[in-house]
Amino acid sequence: MDVLMKPPLPLAEWLSVVEREYLSAFVPAGGAAVKFAILDNGAVDTAAACLTRLGQAQNMLTVHVDAGRTRIHLAHELFFTIASALPWGSLLQHYLEELFSGHAYPWPRPGVMMPLADLAAAFAVAPNLLSRHLDQWLTAGLWDDRRLAQDFRAAMLWLCLSRLEPDGEDRAEPVMQWLRGEKVAPALLRTADISVRISRTNARPMLVSLCHFLRKAGAGGLFIVLDVRQLARTAPAESTLRYSPATVMDSYEVLREIIDDAEHLPGLFIAVLADEALATGDPRRALGQYAALQMRVWPDVRPGDRQNPVAPLVWLAA
C-alpha cells in the first residue's frame with residue numbers, strides 16, 4: 001500500500017493541520033470529518049493524548065474510545081460509550097439557561113439547578129404562566145426539531161423538565177440509564193414517552209440527534225479519539241475484547257456508515273488511530289479486506305514523495 005512507502009508525516013505537523021483546517025472553524029461551524037492515522041504501535045498512545053489535549057483546548061467534548069473495551073462493531077455500544085462520557089448536567093443546564101435568556105428571562109444563578117417555582121419567584125411571574133411559556137419554548141426548540149429522532153426528543157424534554165423539579169435527579173435517572181445502555185424498566189421509559197431501547201437498528205439516528213443537541217447545548221463539537229488497534233490483534237490480552245474477522249468487518253462497516261452520514265453529524269470529528277497492522281497485518285482483518293471503507297479513506301492525491309496532510313488516512317511518526 002503506497003502510503004506506507006512514503007516518509008511518515010511528523011505527528012506535530014499533522015496535529016497542526018487538524019487544528020487549523022478542521023477544529024478552529026470548520027467543525028465548530030457544523031462540519032464533520034473522520035480521519036485515520038497509522039503509527040507505530042508504541043506511538044498510538046502518544047497521539048491519543050495529544051489529540052485529547054487538542055480537542056479540549058478547542059472547547060470540544062472529547063471522548064476516548066478503545067476498541068479493546070468497547071465493541072465498536074455494535075453501533076449502539078459505541079453510542080453508549082460516548083453518551084456515558086458526556087457531562088449531561090452541564091449540557092442541559094447550559095441549554096436551559098440559553099433558552100430562558102433567549103426569551104428575556106436571564107437565569108438568576110448561572111450554572112446552578114433551580115426549580116421552576118424558584119425561577120418564577122425570581123422573575124416575578126406566576127408559576128403556571130412560566131410553565132406554559134416553558135412548554136412552548138421546549139416544543140419549538142426540541143420537539144419540533146425533526147433532525148432529532150422522536151425518542152431522543154422525548155428524552156431531552158424529560159431531562160430538561162426534570163432539572164426544574166425539586167427531585168429532578170431521581171426523575172432523570174431512568175432516561176440517563178437509557179442513554180448509557182443500562183437496563184431500565186420499560187414502564188419508566190414509557191413515562192418519559194420513550195418507546196424503544198437504543199439498539200443496533202436506531203443507533204445511527206441517535207448519534208445524529210446527539211450531534212445536533214450538543215450544538216444546541218453550547219458544545220464546541222464532539223471529538224472522538226478512537227483506538228482500533230484491537231481489531232488487528234489475533235491474540236488479545238485476556239482483559240480485552242476479542243474480534244473475529246467477521247466482527248472486524250462489521251467494525252469497518254460502522255465506520256463507513258459514519259463517514260457516509262457526515263453531512264448529518266454537525267460538529268463531529270473522529271480521529272481513528274491504528275498501527276501498521278491496519279494496512280499490512282492479517283489479510284482477513286486488514287483494511288483492504290473491506291473495500292467500501294478503503295475506497296473512502298485511502299489517499300487519492302499523492303503529492304510526489306510526500307503525504308497529503310489533509311488526506312483521510314495518513315502515516316505518522318511521533
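Trainee: Is arginine 200 buried, partly exposed or exposed?

Mentor: Keep in mind that this is a predicted model. Arginine 200 has a relative accessible area of 44%. Buried means under 20% and exposed means over 50%, so arginine 200 counts as partly exposed.

Trainee: Okay, and which side chain does arginine 200 meet in a salt bridge?

Mentor: Look for a partner in a distant part of the chain, 50 residues apart from arginine 200. Arginine 200 sits in the loop between helix 9 (186-191) and helix 10 (203-216), while the partner belongs to helix 11 (residues 245-260). At 3.8 Å, N to O, the partner is aspartate 250.

Trainee: How far apart are the closest N and O atoms of aspartate 261 and arginine 204?

Mentor: This pair links distant parts of the chain too, with aspartate 261 in the loop between helix 11 and strand 5 (268-274) and arginine 204 in helix 10. Aspartate 261 is buried, at 14% relative accessible area, whereas arginine 204 is partly exposed at 36%. The two form a salt bridge, and their closest N and O atoms are apart by 3.0 Å.

Trainee: How many residues apart in sequence are the parts that glutamate 13 and arginine 306 tie together?

Mentor: These two form a salt bridge, with the closest N and O atoms 3.4 Å apart. Glutamate 13 lies in helix 1 (residues 11-23), and arginine 306 is in the loop between helix 13 (291-297) and strand 6 (313-317). So the pair ties together parts whose separation in sequence, in residues, is 293.

Trainee: How many salt bridges does a search of the whole structure find?

Mentor: The pair of glutamate 13 and arginine 306 is one example. Some salt bridges share partners, joining Glu253, Arg256, Asp260 and Arg296 into one network. For the whole structure, the search finds 17.

Trainee: Arginine 163 has no salt bridge, so which side chain does it make a polar contact with?

Mentor: Arginine 163 is in the loop between helix 7 and helix 8, and it is buried. Its nearest side chain of opposite charge is glutamate 169, 6.2 Å away, and a salt bridge needs the atoms within 4 Å. The polar contact, at 2.9 Å, is with the side chain of glutamine 93.

Trainee: Which residues form the negative surface patch?

Mentor: Start with aspartate 167, in the loop between helix 7 (150-162) and helix 8 (168-180). It counts as partly exposed, at 40% relative accessibility. The patch is made up of Glu165, Asp167, Glu169 and Asp170.

Terms used
Residues are numbered from 1 along each chain as its sequence is written. This is a predicted model: local features need pLDDT of at least 70, side-chain atom pairs count only at pLDDT 80 or more; totals for chains, interfaces and linings use all residues. Side-chain values use heavy atoms; hydrogens and water are left out. Patches are made of residues with over 30% relative accessible area and no salt bridge: like charges are joined within 9 Å, nonpolar side chains (Val, Leu, Ile, Met, Phe, Trp, Tyr) within 5 Å. Accessible areas come from the Shrake-Rupley method with a 1.4 Å probe; for residues, only the protein chains shown count as cover. Lys and Arg count as positive and Asp and Glu as negative; His and the chain ends are not counted. The place of a charge is taken as NZ of Lys, CZ of Arg, CG of Asp or CD of Glu. Helices (H or I, at least four residues) and strands (E, at least two) are DSSP runs, numbered from the N terminus. Buried means under 20% relative accessible area, exposed over 50%, partly exposed in between (1.4 Å probe, protein chains only). A polar contact is a pair of N or O atoms within 3.5 Å; within protein, one must be able to donate a hydrogen and the other to accept it, and residues adjacent in sequence count only if both atoms are side-chain atoms.
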